[in-house]
Amino acid sequence: MKILFTNCEILQRNINGKYYSIHGFLGVDGEYIDYIGENKPSNKYDLEKDMSGKLLMPGLINAHCHTPMTLLRGVGGGQSLQSWLNNCIFPIEAKMTPYDIEVGTRLAVAEMLRGGTTQVSEMYDFPYSSAKVFAETGMKANLCRTGLCFDASLQMKDWPRFNEVIDVAKILSLDKPGNDELFNEINCKTLPDYMKKAAKSGQVKGDLSVHSEYLSTSIFVKEMSKYANTTNYYRQVHASENKQEVEDCLARQGTTPIMYLYNNGFLNGGHTYIAHCVHATDEELEVMKKTGTTLVHNPTSNMKLGSGIARISEALRLGVNVALGTDGCASNNNLDMFEEMHLAALLQSGFNNDPTAASSHQVIDMATINGARALGRPDTGLLEVKYKADVIALDLSSPHLFPNHDIAELIVYSAHASDVCLTMVDGKILYEDGKYTTLDLDKIKQEANKVIEHLFK
């Protein structure tokens with residue numbers, strides 16, 4: 001379908017990385033943007049939408065999330081990371097079924113689309129259940145099978161999870177046909193056609209994964225790195241989230257978490273993105289820059305769990321690619337990427353006693369183009385002709401968005417997720433003015449209530 005957005009403000013980025021807006025028209029032909037300009041195009045469109053008083057901007061990219069944790073929203077508040085994980089989160093997650101994951105993911109997609117997020121990087125168990133939801137709803141996602149291993153004596157040929165991680169990446173990238181036993185999650189013997197279509201278009205992508213140093217063994221990391229370095233798959237991992245994790249890693253491995261990953265080859269190839277990096281050292285930031293590794297900043301989660309404030313200003317100064325993520329709802333407690341932008345900017349200014357530590361322009365980059373780079377999606381993250389039509393609209397009529405003296409400042413410091421009035425992914429409108437085109441929110445809430453009953457018995 002060809003859609004022309006008329007009479008709107010359109011967010012643009014110049015070659016110096018500064019954001020500005022033009023008043024005009026944005027055309028969409030199928031999955032792609034085909035026109036941006038101040039004058040109405042001569043091309044014919046199937047539908048014209050008057051967007052007077054609206055700002056069009058790129059869809060936001062949540063580069064680190066555990067989406068089914070919407071079902072655990074707020075569980076275990078007021079505890080340290082290790083206590084929170086071991087005493088609150090892991091016991092509940094152990095009860096989760098593929099159906100629970102599907103329901104939690106569907107609730108997360110509703111929240112993200114409502115708030116202008118068009119892409120997410122997802123790390124959780126039962127990835128085909130989540131992939132099914134993303135394929136059905138039209139939202140973009142990078143998914144993986146969480147890479148775990150606890151027995152240091154295990155060789156990878158004896159550890160099914162190792163091959164499951166690889167199979168998920170291959171199957172969701174259409175590099176391997178089905179017959180993976182994990183398809184039992186969605187009651188199929190092979191990848192359904194609608195999921196193949198989502199994979200073929202790049203809407204759904206498979207990543208490799210190591211959860212973290214503390215939930216895997218050295219041989220798991222080494223062998224996963226060895227395999228990863230023969231492929232172009234992107235790789236997800238957590239590292240250096242809090243001080244105890246770093247101290248424990250030093251005691252176990254004789255080095256810090258990010259250096260441990262680097263020494264074992266996991267950062268080779270420029271396709272790795274690391275969540276948190278709160279306590280990254282100067283040496284580690286230099287290594288991330290050298291290897292093209294992305295730092296995914298999770299400001300709300302890190303603050304809520306008392307993990308600290310990541311050294312984003314230093315990373316930016318070095319030229320490290322910095323993206324933004326919400327983490328899961330149990331440690332956030334929402335999936336609001338506008339809130340993450342706001343906090344990312346404020347924390348760096350306050351912590352560094354420097355209002356220039358992370359500019360509003362840099363923070364918008366983190367939530368858009370830098371996230372696209374992290375997830376291996378180079379045709380997203382900007383509003384440009386020939387880029388995918390991942391477009392969101394903000395209603396500028398609210399008092400807190402008037403007047404508009406500086407569009408980047410307005411987005412980072414004034415806008416809220418609730419200001420989003422339209423979300424389009426790959427040229428399809430998935431949310432508009434309180435209505436979803438691929439989701440039934442009332443049904444999702446009903447299903448979620450039943451799942452919560454069973455999980456918290």
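Tutor: Helices (DSSP runs of H or I, at least four residues) and strands (runs of E, at least two) are numbered from the N terminus. The model is predicted, so local features need pLDDT of at least 70 and side-chain atom pairs pLDDT 80 or more, whereas totals for chains, interfaces and linings use all residues. Residues are numbered from 1 along each chain as its sequence is written, and side-chain values use heavy atoms, with hydrogens and water left out.

Student: At what angle do the axes of helix α3 and helix α5 cross?

Tutor: An axis is a line fitted to C-alpha atoms, for helices over the stretch in contact, and the angle runs from 0 to 180 degrees between N-to-C directions. Helix α3 spans residues 127-137 and helix α5 residues 193-201; their axes come within 9 Å and cross at roughly 80°. That angle makes α3 roughly perpendicular to α5 (under 35 degrees is roughly parallel, over 145 roughly antiparallel, 65 to 115 roughly perpendicular, and the rest oblique).

Student: Which residues of α3 and α5 make the contact?

Tutor: On the side of α3 they are Tyr128, Ala131, Lys132, Ala135 and Glu136, and on the side of α5 they are Tyr194, Met195 and Ala198 (contact means heavy atoms within 4.5 Å). Sorted by class, this contact of α3 with α5 has 6 nonpolar, no polar and 2 charged residues. Here Ala, Val, Leu, Ile, Met, Phe, Trp, Tyr, Cys and Pro count as nonpolar, Asp, Glu, Lys and Arg as charged, and the others, Gly among them, as polar.

Student: Which element gives the most to the lining of the second largest pocket?

Tutor: That element is α5, with 4 residues. At least two residues each come from α3, α5 and β17 (428-432). The second largest pocket has a volume of about 310 Å³. Among its 15 lining residues, Ala135, Lys197, Ser201, Gln203 and Lys428 are the closest to its centre. Its lining has 5 nonpolar, 5 polar and 5 charged residues.

Student: How many cavities of 30 Å³ or more are found in the whole structure?

Tutor: The search finds 2. The largest cavity has a volume of about 40 Å³, and β12 gives the most to its lining, with 3 residues. This lining divides into 7 nonpolar, 3 polar and no charged residues. The second largest cavity holds about 30 Å³. Its lining consists of Ile309, Ala310, Arg311, Ser313, Glu314, Gln348, Phe351 and Asn352, and α11 (312-318) and α12 each give two or more of these residues.

Student: Is Glu340 buried or exposed?

Tutor: With 0% relative accessibility, Glu340 counts as buried (buried is under 20% relative accessible area, exposed over 50%, partly exposed in between, with a 1.4 Å probe and protein chains only). Glu340 is in helix α12 (residues 337-352). Leaving aside residues up to four places away in sequence, Glu340 touches Asn298, Pro299, Thr300, Leu324, Gly325, Thr326 and Asn332.

Student: What should I look for in the backbone?

Tutor: Most residues other than glycine have a negative phi, and most peptide bonds are trans. In this model, a cis peptide bond joins Asn332 and Asn333, with omega about 25°; Asn333 lies in the loop between β14 (321-324) and α12. The bond from Phe402 to Pro403 is also cis, with omega near -5°.

Student: What is the phi of His276?

Tutor: His276 has a positive phi of about 90°, although it is not a glycine. His276 is in strand β12 (residues 272-276) and is buried, with a relative accessible area of 0%. Asp327, in the loop between β14 and α12, has a positive phi near 65°. Asp327 is buried, with a relative accessible area of 5%.

Methods:
1 Å grid on protein atoms, 1.4 Å probe; cavity = no way out; pocket = protein on both sides within 12 Å on 5 of 7 lines; lining within 4 Å. Points joined across faces, edges and corners; volume = space filled by probe spheres on them.
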